[in-house]
Amino acid sequence: MTRNIKRRDVLKGAGGAGVTAAFAGCLGGGGNGNGNGNGNGNGGGNGGGNGGRELKQGILLPLSGDLANLGQPIRDGAILPAAELEGETSYTIDLSEEDTETNPQAGISGADALIDAGYPAVTGPASSGVNMQVTQQSLIPNETVGCSPSSTSPAVTGLDDNGYIFRTAPSDALQGQVIARVGAENLDNSTAATLYVNNDYGQALSQSFASTFRDEYDGEVYQQVSFEQQQSSYTSQLESALSDSPGLVVVIGYPESGNQLFRDYYSDFDSGEDIVVTDGLIDNELPDNVDNDMANVTGTAPKSSGPGRENFDELYQEEYDREPGVFNAHAYDATAICLLANVYAGENDGTAIRDNMRAAANPEGETFGPGELAEAIEAADAGDEINYQGASSATNFDDNGDMVAVSYAIYEVEDRDFTEIDSVAFGQ
């Protein structure tokens, strides 16, 4: 079901209060940047001089299903640029939402609905298990730009996408390195097992961790055990993963499944192992839902560390009366860049927007960030060069549509909350 969003629809507190440091790093785009025209993203940057026209942007995120409680705050980040721009520019911002339901088929249906309604670019999808199918079956064939705030699977980097797929989230090829370092150096383990959700996100991240743990830290990975989402019991999977008594267990999944998995673990299997969870499980509601302090749990997740982070945090808290969580800033940046590329394109056309994504985001040009979108749109409309620098990172796209520089946060569970204790930067 499509929901068109105007400024008055952006309700304070939408998406569920109380979720901080949350979401599912699971998950978008890749783009090989070798498409036709200016598919390498150099862009024209000439502007359209079309102030007063409508900028159309689709929002395709999980508002129900396994990622619902995390997807809703990310959606709030994605629609926040419309709130910021209301009444501040001569352009009309038309956002339309579709719910992926954390399900590939629902995601494809949602994407097709947005495309049929004339939306040339999409913020999303979120999880890589959904994103891979949506991009290949819907967005790419229909020449529609996808910019995911949270799809992290390494597999999307090399998609044959004709340059239409981007992401503001980093690749899990990097997160696997972070988890391995945390497990070997911070937690002093030489043996490990993984439990991973059976989709592109889980498979790729489990393998990325395992190869790094073995090759760089001389560690041994006894088992890599997959599990399906939202099952009534995970006893058999836990038995398999823990059968050789690993010192470290890496759990890769989503909140709804994680609730049951950790209930089963603490009820029957807890032998003092160190546990590392990835971004999809860094949810402050998780310990209370499991009814355990989860003091043996460490977490890793992409970190919002862009030059516009402080301004974004203020905007988000003013609009929703809560702190943003993981990937909320990435969603804001994805929508902001797509809108600026649309201004440069001069029309609601996916190919023209594709060709101007880097003109909006990459150097050179005058710097703009969160809180300055109206000024950035005015400059783009005039044909001036701009360099949008985001809240999640500096948001510079490489030839694959990936971010050039990213950071990760490391968390511990303290008083049943995930608390950041350290960070790791790549490409800075």
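Modeller: Two strands pair if DSSP finds at least two bridges between them, and strands (E, at least two residues) and helices (H or I, at least four) are DSSP runs numbered from the N terminus. The model is predicted, so local features need pLDDT of at least 70, side-chain atom pairs count only at pLDDT 80 or more, and totals for chains, interfaces and linings use all residues. Residues are numbered from 1 along each chain as its sequence is written, and side-chain values use heavy atoms, without hydrogens or water.

Strand 10 (residues 274-277) runs parallel to strand 11 and is joined to it by 3 bridges. In strand 11, Gly-299 has Val-277 opposite. Strand 14 (residues 406-414) pairs with strand 11 in the antiparallel sense, over 6 bridges. Here Thr-298 faces Glu-412 of strand 14 as its opposite residue.

Thr-92 lies in strand 3 (residues 92-99) and counts as partly exposed because its relative accessible area is 35%. Its C-alpha atom is 9.0 Å from that of Ala-82, 10 residues apart along the chain. Glu-372 belongs to the loop between strand 12 (366-368) and helix 13 (373-381); with a relative accessible area of 32%, Glu-372 is likewise partly exposed.

Technical notes
Buried < 20%, exposed > 50% of the residue type's maximum accessible area, 1.4 Å probe, protein only.
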